[in-house]
Amino acid sequence: MRKKIAAANWKMNLTFQEGMELVNALLTATKAVQEPCRVILSVPFPYLSSVSALVKGHQWYALAAQNCHHLKSGAYTGEVSAAMLSSMQIPYCLIGHSERREYNAETTTQLAEKLMRCVEEQIQPIFCCGEPLAIRDKGEQNEYVARQLAESLFVLDADQLSQAVVAYEPIWAIGTGRTATSEQAQAMHHHIRAVVAAQYGEKVAGQLSILYGGSVKASNADELFACPDVDGALVGGASLSDTEFTAIVRSLCKA
Ligand code: PGA
């Protein structure tokens with residue numbers, strides 16, 4: 001059975017104190033989470049160790065870094081390597097979020113390298129993909145996303161890919177309040193699974209968790225999670241509120 005995942009992406013939000021309060025509130029409110037559901041918290045680097053201590057013993061909770069460097073180590077001031085994350089037992093890392101592709105000019109080759117750094121260190125990458133509005137308006141989203149997968153994700157072999165998670169996040173839906181309809185989400189997730197199946201086979205594709213991201217909130221979660229190829233969500237804005245994110249987690253667990 002595929003893992004169902006509610007992943008929070010705090011981005012560059014919350015003070016340390018606010019973050020710790022949020023995690024404590026979530027842990028109290030989401031006691032009923034169990035297999036095959038997982039809650040993943042992608043928090044800023046300096047908070048990883050403290051959040052890790054807070055969620056210890058809550059076996060369905062796991063942490064993710066929001067990025068790692070594409071090289072193994074060296075004179076790169078301000079950067080964080082996959083090996084460092086691994087040495088802190090951080091199990092997941094976001095790779096290729098559209099904000100990093102845009103504001104940090106991350107290239108598809110660098111993303112392929114980051115994916116390799118993660119799997120070398122037994123970190124499970126959450127690979128983000130998704131098209132901008134102009135591509136969606138032209139109806140070219142399927143080709144666009146297939147290319148993003150081919151140019152970066154497919155550097156992994158089948159074993160490595162089975163450790164990965166994919167997050168489909170149409171750029172026009174991120175932080176805009178405009179969510180993809182459940183039909184649009186299902187169609188793209190189905191497409192992604194087919195593209196992965198063509199490369200790695202049906203079995204690997206059938207086991208891949210594909211998350212939807214882009215203005216997911218408590219009010220649209222049920223509808224999205226009802227789609228057969230939507231295995232969870234990557235949640236930005238709504239993950240900063242304990243009540244909103246708890247409602248999303250509950251909706252996933254009952255889906
Ligand atoms: P959003 O962000 O939920 O605020 O749209 C999602 C994301 O960027 O991961």
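Reader: Where is Pro36 found?
Author: In this predicted model, Pro36 is found in the loop that runs between helix 1 (16-29) and strand 2 (37-42).

Reader: And what is the peptide bond from Glu35 to Pro36, cis or trans?
Author: The bond is cis, and its omega is near 0 degrees. In general, most peptide bonds are trans.

Reader: Turning to the ligand, which residues come nearest?
Author: Around the ligand there are 13 residues, of which Lys11, His97, Glu169, Gly175 and Ser215 come nearest.

Reader: What lies 2.7 Å from an oxygen atom of the ligand?
Author: In Lys11, an N or O atom of the side chain is 2.7 Å from a ligand oxygen. In Gly175, a polar backbone atom is 2.7 Å from an oxygen atom of the ligand. Gly237 also takes part, with a polar backbone atom 2.8 Å from a ligand oxygen.

Reader: How much of the ligand does the protein bury?
Author: The protein buries 95% of the 280 Å² that the ligand exposes when taken alone.

Reader: How does the shell divide into nonpolar, polar and charged residues?
Author: The shell around the ligand has seven polar residues, four nonpolar and two charged.

Reader: Back to Ser215. Is that residue buried or exposed?
Author: Ser215 counts as buried, because its relative accessibility is 15% and the cut-off for buried is under 20%. Ser215 lies in the loop between strand 7 (210-213) and helix 11 (218-225).

Reader: What is the phi of Ser215?
Author: Phi of Ser215 is near 55 degrees, a positive value in a residue that is not glycine. Leu14 likewise has a positive phi, near 75 degrees. Most residues other than glycine have a negative phi.

Reader: Where is Leu14, and why does it count as partly exposed?
Author: Leu14 is in the loop between strand 1 (4-9) and helix 1.

Reader: Which residues line the largest cavity?
Author: The lining consists of Gly96, Ser98, Arg101, Cys128, Cys129, Gly130, Gln148 and Glu169. Helix 4 (98-103) and strand 5 (124-129) each supply at least two residues of that lining. By class, the lining has four polar residues, two nonpolar and two charged.

Reader: Finally, where does His58 lie?
Author: His58 lies in the loop between helix 2 (48-55) and strand 3 (61-65).

How values were computed
Residues are numbered from 1 along each chain as its sequence is written. This is a predicted model: local features need pLDDT of at least 70, side-chain atom pairs count only at pLDDT 80 or more; totals for chains, interfaces and linings use all residues. Side-chain values use heavy atoms; hydrogens and water are left out. A residue is near a molecule or strand if one of its heavy atoms lies within 4 Å of it. A polar contact is a pair of N or O atoms within 3.5 Å; within protein, one must be able to donate a hydrogen and the other to accept it, and residues adjacent in sequence count only if both atoms are side-chain atoms. Accessible areas come from the Shrake-Rupley method with a 1.4 Å probe; for residues, only the protein chains shown count as cover. Ala, Val, Leu, Ile, Met, Phe, Trp, Tyr, Cys and Pro count as nonpolar, Asp, Glu, Lys and Arg as charged, and the others, Gly among them, as polar. On a 1 Å grid over the protein atoms alone, a cavity is a set of points where a 1.4 Å probe fits but cannot get out, and a pocket is an open set with protein on both sides within 12 Å along at least five of seven lines; lining residues have an atom within 4 Å of a point. Helices (H or I, at least four residues) and strands (E, at least two) are DSSP runs, numbered from the N terminus. Buried means under 20% relative accessible area, exposed over 50%, partly exposed in between (1.4 Å probe, protein chains only).
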